[in-house]
Amino acid sequence: NLVFDNVKVSDRTDGRPMAMVLDQVNNLSVLNSSFIVKRSNYNDAFKIGNLSDYGIKGEVEIVGCHFENFAQYVIWFVKYQEGNYVIENNTFLNCGQTSSSHCAVRFAAYSGAADGVSSIKFNYNTVDNSYMLVRIDAVANRTADTQPVVVNYNKLLNCGATYYVKNSNAYNIDATNNYYDEAPTAS
């Protein structure tokens, strides 16, 4: 169980400045924190689950944080499992690049039980000068029941995509009630 509350990471200028690289995490809270780095190619703020059987599971909340100058996936869940993922009331400023994959949050390879539930909520965030809000990669055996996704009440400004939520699965997600400065196309 990891809790980071009122953390400040700033002025990182090394080659690929990142705030966290984690594996095998059971429950994570990142609250009221600020992560600001020198802009660099392909740096993620959080890369969770790259070198192990699983990256993260359980209760995950990233709430009230400020992310600035991260140029790829700001929060990248590489091998996530069953749990409740809540990403709310955050600011993502000058993050991402003009690439078809970069976003504020990416859910990549689900590695949990086929019938395990991974609930995803991405609400009340501001994403300014990124590419898109959320990317959810295709995973076998995921359905609207085993992976309910809600992406609501977010503000997306100055972004490069023609679509803002990329869901590569066969089920629909709830991505309504968002504010866009340019109207998105369906995805």
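Q: Why is Tyr-110 called buried in this predicted model?
A: Tyr-110 has a relative accessible area of 10%. Buried means under 20%, so Tyr-110 counts as buried.

Q: What makes the contact of Arg-142 with Tyr-110 a charge over a ring?
A: Arg-142 lies over the face of Tyr-110, at 3.8 Å from the ring centre.

Q: What places Lys-57 over the ring of Tyr-54?
A: The charged end of Lys-57 sits 4.8 Å from the centre of the Tyr-54 ring, against a limit of 6 Å.

Q: Why does Gln-81 count as buried?
A: The relative accessibility of Gln-81 is 11%. Since the class requires a value under 20%, Gln-81 is assigned to it. This residue lies in strand S9, which spans residues 73–88.

Q: How do you know that the side chain of Gln-81 makes a polar contact with Ser-111?
A: The side chain of Gln-81 reaches the backbone oxygen of Ser-111 at 3.1 Å, and a polar contact requires a pair of N or O atoms within 3.5 Å. Ser-111 is also among the residues that Gln-81 touches, a list including Tyr-54, Lys-57 and Tyr-110.

Q: How many aromatic pairs does the ring rule give?
A: The count comes to 14 aromatic pairs.

Q: Why is the pair of Phe-77 and Phe-107 called stacked?
A: The planes of Phe-77 and Phe-107 are 25 degrees apart, and the centres are separated by 4.8 Å. Rings pair within 6.5 Å, and planes under 30 degrees apart count as stacked; the pair therefore receives that label.

Q: What parts does the pair of Phe-77 and Phe-107 tie together?
A: Phe-77 lies in strand S9 and Phe-107 in strand S11 (residues 103–110), so the pair joins parts that are 30 residues apart in sequence.

Q: What makes the pair of Tyr-80 and Tyr-110 edge-to-face?
A: The angle between the planes of Tyr-80 and Tyr-110 is 70 degrees, with 5.4 Å from centre to centre. An angle over 60 degrees counts as edge-to-face. This pair links distant parts of the chain, with Tyr-80 in strand S9 and Tyr-110 in strand S11, 30 residues apart.

Q: Why is Tyr-80 assigned to the buried class?
A: Tyr-80 has a relative accessible area of 0%, and the class takes values under 20%; Tyr-80 is therefore buried.

Notes:
Residues are numbered from 1 along each chain as its sequence is written. This is a predicted model: local features need pLDDT of at least 70, side-chain atom pairs count only at pLDDT 80 or more; totals for chains, interfaces and linings use all residues. Side-chain values use heavy atoms; hydrogens and water are left out. Helices (H or I, at least four residues) and strands (E, at least two) are DSSP runs, numbered from the N terminus. Buried means under 20% relative accessible area, exposed over 50%, partly exposed in between (1.4 Å probe, protein chains only). A polar contact is a pair of N or O atoms within 3.5 Å; within protein, one must be able to donate a hydrogen and the other to accept it, and residues adjacent in sequence count only if both atoms are side-chain atoms. Contact means heavy atoms within 4.5 Å. Rings of Phe, Tyr and Trp (its six-membered ring) pair if their centres lie within 6.5 Å; planes under 30 degrees apart count as stacked, over 60 as edge-to-face and the rest as tilted. A charge sits over a ring if NZ of Lys or CZ of Arg is within 6 Å of the ring centre and within 35 degrees of the ring normal. Lists of a residue's contacts leave out its neighbours within four places in sequence.
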